[in-house]
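Q: Before we look at any single feature, could you walk me through how to read a model of this kind, step by step?

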Amino acid sequence: MSPVSHGTSESRGEDRRLLRFEPHLPHAYETIWPALTTPDGLRGWLAEADVLERHLGGAVTLRGPGGGPALSGQITAWDVERVVEYTLSGLGRIRFHLEPVGTDSTVIRFSHEYTPDRPGSAGGRAADADHLAGWHRSFELLESALEGHPAAPPARTDQRLAALRASYTPPAAAA
């Protein structure tokens, strides 16, 4: 399994944050697309899809691993085997843009735009650390699922997630 590079965060106005990842996976985009856009694929690394209408404007309801809360919304971008974007209440907008690299490798240009629960808290960095760690771990789980080892629900709450959160937490400012 190749390491997932750290994601980045930036401010989008006063109350919005944008996170970005660009994992490079050693799999063809035809293999990755179903993992991002089908109930069986999503279940292996991200969430249960209670509802998933696979087309632009389609309804979607995702439930976190281990029976987490349901997040409903719609598919706000859909370009078969290239781009899927889910806009979910309580989570914001998540976008996966697949770019093939040769015939057996793909870069996912991922973005997550959201409003922190506590706008302005440390410039949104505290919320970013949680989200960045969660997405980082999710991309590790995606790669594992693509290798034939789908995640069990506790995989998102393990020590690895805590270590990732610490790696994304900015050092305290000197007094």
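A: Let us begin with burial: a residue counts as buried when its relative accessible area is under 20%, and as exposed when that value is over 50%. The model is a predicted one, and within it Phe-110 has a relative accessibility of 2%, so it counts as buried.

Q: How many helices and strands does the protein have, and in which order do they follow along the sequence?

A: The protein has four helices and nine strands, and read along the sequence they follow the pattern β-β-β-α-α-β-β-β-β-β-β-α-α. Of its 175 residues, 42% count as buried. Among contacts between residues at least 6 apart in sequence, 48% join residues at least 24 apart.

Q: Which strands pair with β9, and in what sense do they run?

A: Strands are taken to pair when at least two bridges are found between them. Strand β2, residues 17–21, is joined to β9 by five bridges and runs antiparallel to it, with Arg-20 standing opposite Ser-111. Strand β3, residues 24–25, is joined to β9 by two bridges, again antiparallel, and here His-24 has Val-107 as its bridge partner. Strand β8, residues 92–100, pairs with β9 over eight bridges in the antiparallel sense, and Glu-99 stands opposite Val-107 in that pairing.

Q: How is an aromatic pair described, and how many does a search of the whole structure find?

A: A pair of aromatic rings is described by the distance of the centres and the angle of the planes. The search finds 11 aromatic pairs. One of them joins Phe-21 and Phe-139, which form a tilted pair at 5.6 Å centre to centre with 50 degrees between the planes. Because Phe-21 lies in strand β2 and Phe-139 in helix α3, residues 125–146, this pair ties together parts that are 118 residues apart in sequence. Both Phe-21 and Phe-139 are buried.

Q: Which parts does the pair of Phe-110 and Trp-135 tie together?

A: The centres of the rings of Phe-110 and Trp-135 are 4.5 Å apart and their planes are at 50 degrees, so this pair is tilted. It links strand β9, where Phe-110 lies, to helix α3, where Trp-135 lies, and so ties together parts that are 25 residues apart in sequence. Trp-135 is buried, with a relative accessible area of 7%. Phe-21, Trp-45, Phe-96, Phe-110, Trp-135 and Phe-139 form one aromatic cluster.

Q: Where is His-27 found, and which residues does it touch?

A: His-27 is found in the loop between β3 and α1. At 11% relative accessibility, His-27 counts as buried. Leaving aside residues up to four places away in sequence, His-27 touches Ile-32, Asp-104, Ser-105, Thr-106, Leu-146 and Glu-147.

Technical notes:
Residues are numbered from 1 along each chain as its sequence is written. This is a predicted model: local features need pLDDT of at least 70, side-chain atom pairs count only at pLDDT 80 or more; totals for chains, interfaces and linings use all residues. Side-chain values use heavy atoms; hydrogens and water are left out. Buried means under 20% relative accessible area, exposed over 50%, partly exposed in between (1.4 Å probe, protein chains only). Contact means heavy atoms within 4.5 Å. Rings of Phe, Tyr and Trp (its six-membered ring) pair if their centres lie within 6.5 Å; planes under 30 degrees apart count as stacked, over 60 as edge-to-face and the rest as tilted.
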